[in-house]
Amino acid sequence: MSNKHNAREAILDTASRLFFTQGYHATGLNQIIKDSDSPKGSLYYYFPHGKEELVLTCINRTSEMVSQNLRHYVEGEDSPAQAVQNFILSMAREAEESSFEGLVPFSFWVAVETSCVSNELRTACQCVFKDWQDVIAQRLMKDGMQEEAAVGKATVVVSLFEGALLLALTCRNVQPLVAAAESIPAILV
């Protein structure tokens with residue numbers, strides 16, 4: 001991997017972590033530069049439009065990582081309910097293994113805090129939730145569910161795991177994630 005690619009990835013890793021842990025408005029570009037050990041010019045080289053471009057890249061990157069993980073479960077399990085349960089339980093394991101430092105619900109900082117910054121960021125956040133819902137809805141339809149029901153149930157599932165993750169992190173306890181996972185079969189009937 002080239003140094004240029006490493007610098008860009010270091011900036012993105014650091015920016016994502018800071019945006020997720022302290023919020024969009026509380027995270028300054030100088031802190032991202034300092035914490036990523038990157039020269040100031042490299043941040044502006046990779047993200048010439050500044051903070052909004054950087055957060056948009058972080059949003060899209062995070063969305064793709066979660067979508068890939070969700071797709072992995074949805075495509076690898078016999079039933080959609082088992083897939084979503086295993087996905088949520090994997091979040092619970094990750095939360096425990098990172099002492100609740102490695103995960104933050106997407107909605108916690110992105111959808112709420114950045115949707116008032118610009119229409120572009122609000123649209124990006126809407127696309128994230130829609131992408132995750134689509135992964136689940138497509139599997140439900142593949143298994144015979146009508147589109148309207150599949151989309152509705154997928155929306156409930158995404159809301160459930162985002163909310164359960166917020167509760168788990170706030171309480172520093174995986175019980176809300178386990179409870180959410182246990183309720184999935186009743187939702188996806």
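Which residues does Ser67 touch, not counting residues up to four places away in sequence? The answer is Asp131 and Trp132, and the views below show the surroundings. This is a predicted model, in which local features need pLDDT of at least 70 and side-chain atom pairs count only at pLDDT 80 or more, while totals for chains, interfaces and linings use all residues. Residues are numbered from 1 along each chain as its sequence is written, and side-chain values use heavy atoms, with hydrogens and water left out.

**View 1. The whole protein, with 9 helices and 0 strands.** Helices (H or I, at least four residues) and strands (E, at least two) are DSSP runs, numbered from the N terminus. Read from the N terminus on, the order of elements is α-α-α-α-α-α-α-α-α. Of the 189 residues, 46% count as buried, meaning under 20% relative accessible area, with exposed over 50% and partly exposed in between (1.4 Å probe, protein chains only). Contact means heavy atoms within 4.5 Å. Among contacts between residues at least 6 apart in sequence, 66% join residues at least 24 apart.

View 2. Two packed helices are described by the angle between their axes and the distance between the axes. Here the axes of H4 and H7 come within 10 Å and cross at roughly 5°. Axes are lines fitted to C-alpha atoms, for helices over the stretch in contact, and angles run from 0 to 180 degrees between N-to-C directions. H4 and H7 are therefore roughly parallel to each other; angles under 35 degrees count as roughly parallel, over 145 as roughly antiparallel, 65 to 115 as roughly perpendicular and the rest as oblique. Ala, Val, Leu, Ile, Met, Phe, Trp, Tyr, Cys and Pro count as nonpolar, Asp, Glu, Lys and Arg as charged, and the others, Gly among them, as polar.

**View 3. Ser67 and Val128, two buried residues.** Ser67 has a relative accessible area of 2%, so it counts as buried. Val128, found in helix H7, counts as buried at 1% relative accessibility. Look too for Ile59: Val128 and Ile59 are 69 residues apart in sequence and 7.9 Å apart in space, C-alpha to C-alpha.

**View 4. Helix H7 crossing helix H8.** The axes of H7 (residues 119–142) and H8 (residues 147–171) come within 8 Å and cross at roughly 130°. That makes H7 oblique to H8. Among the H7 residues that meet H8 are Phe129, Gln133, Ile136 and Leu140, while the H8 side includes Ala150, Ala154, Val158 and Phe161. The residues of this contact of H7 with H8 divide into 12 nonpolar, 2 polar and 3 charged.

View 5. Gln133 is buried, with a relative accessible area of 17%. Buried residues of H8 include Ala154, Val158, Phe161 and Leu165. Just after H8, Arg172 takes a positive phi of about 55°.

How values were computed:
A crossing is left-handed if the near helix is turned anticlockwise from the far one by less than a right angle, and right-handed if clockwise.
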